[in-house]
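Here is a short report for a reader new to this structure. Please look over the sequence and the model, then read on.

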Amino acid sequence: MPERVNGSSDGGAGRRLRRFQERVEPFAARLVLGAVFVTGLVAQFVKPVGDALEDKTFLGGALLSLIGYVLYDAVKELSSSVRVPARALVNSSELGGFVSEAFQARKVEISFLGYTGETLYNELYHRLEDLFDNPGSTRKVSVRMLVPDFEQPMTVPARVGADERPVDDPSFRDRMLRRCAEYDGILTDIADRLTRTGRVVVHCEYRFYPGIPRDKICVFNRAQVLHGLYDVSARMRLQHMGPECYDPKGYKTDLNVWSREGTAAAEAAVSMWIKHFDDLWVLASTPRWRRDAAA
């Protein structure tokens, strides 16, 4: 499994700086253009000001500034509306861009079905932490994570046995169980703290689905779906001379991208995957750590 990253002060500071720049830049640009316009207009009609600046073309400059002011808003709106055409295939390491785009909405809904959710968890952790400093337009966030039922015997993940047959490994399953419990606990804690601020309502929850981690599905704001297949034959060793285990490498999984803004076939695929996830969520079971906490 890849090394987990729970947070980075340098990365968080960089994201806060970029968001501060995004907020300040439009205001500063409008302020400068507005000031030039007002100064030019005053200089045209108030003789002492015009004489002081010693220029007789203030009206033209003022009008140009006003045009620039109007065009600035138009260009900003155009740049925000233009999107690079979605790629048909992305790597799981590129989920950060999709998470950031999803958090531009007022109501954010992110759903995941897969192995442990580690790759997505790392992106969600940083993005949720950023909401404390800058919630922006976001007012509600819902995160649903569906992972295999590690409380039950499994063929993947499992130990590689004789003739390469999978052998259920309770200790390995327990390792995955603790990892998911940790992710769920951290995200839930952040969600509770954010909700207490009164600025945004956040809910995060892990549930179990039956079966092996075969499909990797990410749904963003019920408008975009990423889907790929795990390499269920992938192996790893927890120790140098320890037993070999079947362990899908989620961070290496390539994902097909489907969007409602694409073709009719793409929109149909998005609807299909969303229904599939919603149905599985209703049928999913509650993990032991949540049952114990509720008891």
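## Cysteines

C245 is buried, with a relative accessible area of 2%. C204 is buried too, at 3%. Buried means under 20% relative accessible area, exposed over 50%, and partly exposed in between, using a 1.4 Å probe and protein chains only.

A search of the whole structure finds zero disulfides. A disulfide here is a pair of cysteine sulfur atoms within 2.5 Å.

## Basis of the model

This is a predicted model: local features need pLDDT of at least 70, side-chain atom pairs count only at pLDDT 80 or more, and totals for chains, interfaces and linings use all residues. Residues are numbered from 1 along each chain as its sequence is written, and side-chain values use heavy atoms, leaving out hydrogens and water.

## The sheet

Four strands form an open sheet in the order β5-β4-β10-β9, with antiparallel pairing. β5 (166-167) and β9 (235-237) stand at the edges with a single partner strand each, so one side of each has no neighbour in the sheet. Strands are DSSP runs (E, at least two residues), numbered from the N terminus. Two strands pair if DSSP finds at least two bridges between them.

Strand β4 (residues 158-160) pairs with strand β10 (residues 244-246) over two bridges, in the antiparallel sense. C245 in β10 is the bridge partner of R159.

## Helix α5

Helix α5 covers residues 118-130, which is 13 residues. Helices are DSSP runs too (H or I, at least four residues). From first C-alpha to last, α5 reaches 19 Å, close to the 18 Å expected at 1.5 Å a residue. The expected span is 1.5 Å times one less than the number of residues.

α5 is mostly covered, with eleven of its 13 residues buried. Among them are L120, Y121, L124, Y125 and L128.
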